[in-house]
Amino acid sequence: MNTNPGGGGDFGRQGTKGPIVPKTAAEALRPEAGTPPPPSKRSRASRSQVVVFLNFFLSVVILLVLASGAALYFGMQAFTEAGPSANGDTFMIKPNTGVQEIADQLERRNLISDARIFRMGVRATGNETALKAGEYAIKPRASMRDIMDLFKSGKSVMYSLTIPEGLTVEQALQRVADQEALTGAMPATLPPEGSISTDTLRFTRGATRQQMIDKLVADQKKLVDDVWSHRAPDLPIANIDDFVTLASIVEKETGRSDERSRVAAVFLNRLAKGMRLQSDPTIIYGLFGGKGKPADRPIYQSDIDKQTPYNTYLIKGLPPTPIACPGRAALEAVANPSKTDDLYFVADGNGGHVFAATLEEHNQNVARYRALQKKQADAAAKASGQTTAPAAPDDNADGNDAGGDAGENGDAGGDAAQ
């Protein structure tokens with residue numbers, strides 16, 4: 001029987017069946033134990049090793065993505081920022097060179113700061129196979145992207161080989177041999193005289209000397225054939241070889257464009273009349289061949305009398321071969337000469353020539369030229385403190401006039417070629 005129906009009281013325990021056990025004052029004041037917490041409802045799956053691993057893996061992936069993004073950002077910054085070279089330089093890519101080797105060489109030469117970044121940048125932009133062989137001029141402070149774009153463009157450094165008008169084949173080929181950007185050996189035999197084009201060729205480093213010579217020969221043949229096909233119909237020239245030979249003489253006689261066709265007319269008129277050409281440059285070629293006359297060597301009177309196959313003071317008609325490589329202007333002058341009766345010309349003392357149709361007029365021109373020479377010599381002697389001009393050597397006609405009015409037909413050229 002419950003003697004404490006109210007469930008209260010200070011002397012019993014609430015909710016306890018049985019007799020009421022009195023509490024002491026200390027027990028009554030002691031707090032009762034609270035309600036214990038409910039049992040944990042945490043899932044077993046959350047404590048499994050798979051979930052722990054997945055959480056770890058996801059964390060690692062996030063870190064890697066962040067690290068990769070940072071690396072990509074700073075890598076692209078380095079790829080596009082100014083490079084380390086303050087002066088720039090040329091850089092050669094040989095055929096079949098890979099990106100890694102290119103990058104390593106660039107870094108070794110301090111043209112880029114990091115070969116790995118260059119390599120990754122090239123690959124990331126899809127240009128790994130787009131870099132072209134050649135020699136490139138890298139500008140100062142060029143970025144890795146700038147260098148990549150340059151290599152991709154294929155815009156290599158271009159070199160020039162110039163063959164001026166009037167050189168012999170031997171002199172022209174010496175220029176080919178001296179061009180350090182060319183490779184390969186020179187041919188064992190020279191092409192025929194007059195067969196080299198007087199032109200400027202552009203090429204990249206690594207082109208061969210034989211390639212240059214082949215092109216010069218091919219270009220000259222094409223030019224000669226073209227000009228010959230448009231020649232005047234009444235030329236006293238037997239064939240295309242004689243055409244080139246006469247053009248080479250015109251080339252050596254004058255460098256003035258306003259005179260070439262008239263000089264050509266003089267020689268053509270003389271050929272038509274059976275007169276000797278009497279051209280000083282043919283004397284020089286007969287004496288010195290393709291090497292050319294030394295600059296300080298005048299033509300002596302005795303040279304005019306030396307028998308060579310090229311001395312047109314002694315032989316009739318044209319020499320056996322050209323004496324130089326004629327340019328387009330000289331070829332066109334011979335193909336379509338001026339319409340004139342001139343048979344003679346002599347230097348005027350001012351870099352040009354005066355022309356004459358008769359020997360008498362020519363001799364007067366020669367006399368005026370020699371008087372001008374003497375006046376110039378006297379002026380030079382006076383300026384140097386001498387009272388009279390020094391006498392010319394006994395064996396020297398006059399240092400510039402190869403024959404003046406000598407010869408049964410007179411001298412066509414009169415003045416020594418330079």
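**Stop one: a charge without a partner**

Start with E253, which sits in helix α8, residues 240–253. Keep in mind as you look around that this is a predicted model. Which side chain of opposite charge is nearest to E253? Select R270 and you have it, but the distance is 9.4 Å. E253 is buried and yet makes no salt bridge.

**Stop two: salt bridges**

Side chains of opposite charge can pair when their charged atoms come close. How many salt bridges does a search of the whole structure find? The count is 15, and a few of them are worth a visit.

Select D114 and R116. They form a salt bridge, with 3.3 Å between the closest N and O atoms. Buried or exposed, where does each end fall? D114 is buried, at 16% relative accessible area, while R116 counts as exposed at 54%.

Next, pick D219 and K215, whose side chains meet in a salt bridge of 3.3 Å, N to O. Both belong to helix α7 (residues 209–229) and are 4 residues apart, about one turn of the helix. D219 is partly exposed, with a relative accessible area of 22%, and K215 is partly exposed too, at 41%.

Then go to K339 and D234, a salt bridge with its closest N and O atoms 4.0 Å apart. K339 is in the loop between α12 (328–335) and β5 (344–347), and D234 is in the loop between α7 and α8, so this pair ties together parts that are 105 residues apart in sequence. K339 counts as exposed at 70% relative accessibility, and D234 is exposed at 53%.

For a network, select E135, E180 and R205: salt bridges that share partners join them into one.

In soluble globular proteins, nonpolar side chains tend to be buried together. To see the largest nonpolar core here, which has 29 residues, select I237, F243, L246, F267, L331 and V334, the members with the most contacts inside it. The elements giving two or more residues to this core are α7, α8, α9 (260–273) and α12.

Zoom in on L331. Setting aside neighbours within four places in sequence, what does L331 touch? Its contacts are L223, V224, V227, F243, V244, A247 and P326.

There is also a second, separate core of 22 residues, and L111, A115, I147 and M148 are among them.

**Stop four: two positive phi angles**

Select N110, in the loop between α3 (99–108) and α4 (115–124). Its phi is near 60°, a positive value in a residue other than glycine. N110 is partly exposed, with 43% relative accessible area.

Now jump to Q278, in the loop between α9 and α10 (280–288). Here phi is near 50°, again positive in a residue other than glycine. Q278 is buried, at 4% relative accessible area.

First, R209, found in helix α7. R209 is buried, with a relative accessible area of 12%. What surrounds it, leaving aside neighbours within four places in sequence? Select V176, A177, Q179, E180, L182, T183, G184, A185 and M186: R209 is in contact with each of these.

Last, select R202 in strand β4, residues 200–204. R202 counts as exposed, at 54% relative accessibility. Where does it make contact, apart from neighbours within four places in sequence? R202 is in contact with M158, Y159 and S160. R202 and M158 are 44 residues apart in sequence, with their C-alpha atoms 6.2 Å apart in space. For S160, show the side chains: a polar contact of 3.0 Å joins that of S160 to that of R202.

Notes. Residues numbered from 1 in each chain as written. Predicted model: local features only at pLDDT ≥ 70, side-chain atom pairs only at ≥ 80, totals over all residues. Heavy atoms only, no water. Buried < 20%, exposed > 50% of the residue type's maximum accessible area, 1.4 Å probe, protein only. Lys, Arg positive; Asp, Glu negative; His and termini not counted. Core = buried A, V, L, I, M, F, W, Y, C linked by side-chain atoms within 4.5 Å. Contact = heavy atoms within 4.5 Å. Polar contact = N/O pair within 3.5 Å; in protein donor to acceptor, adjacent residues only side chain to side chain.
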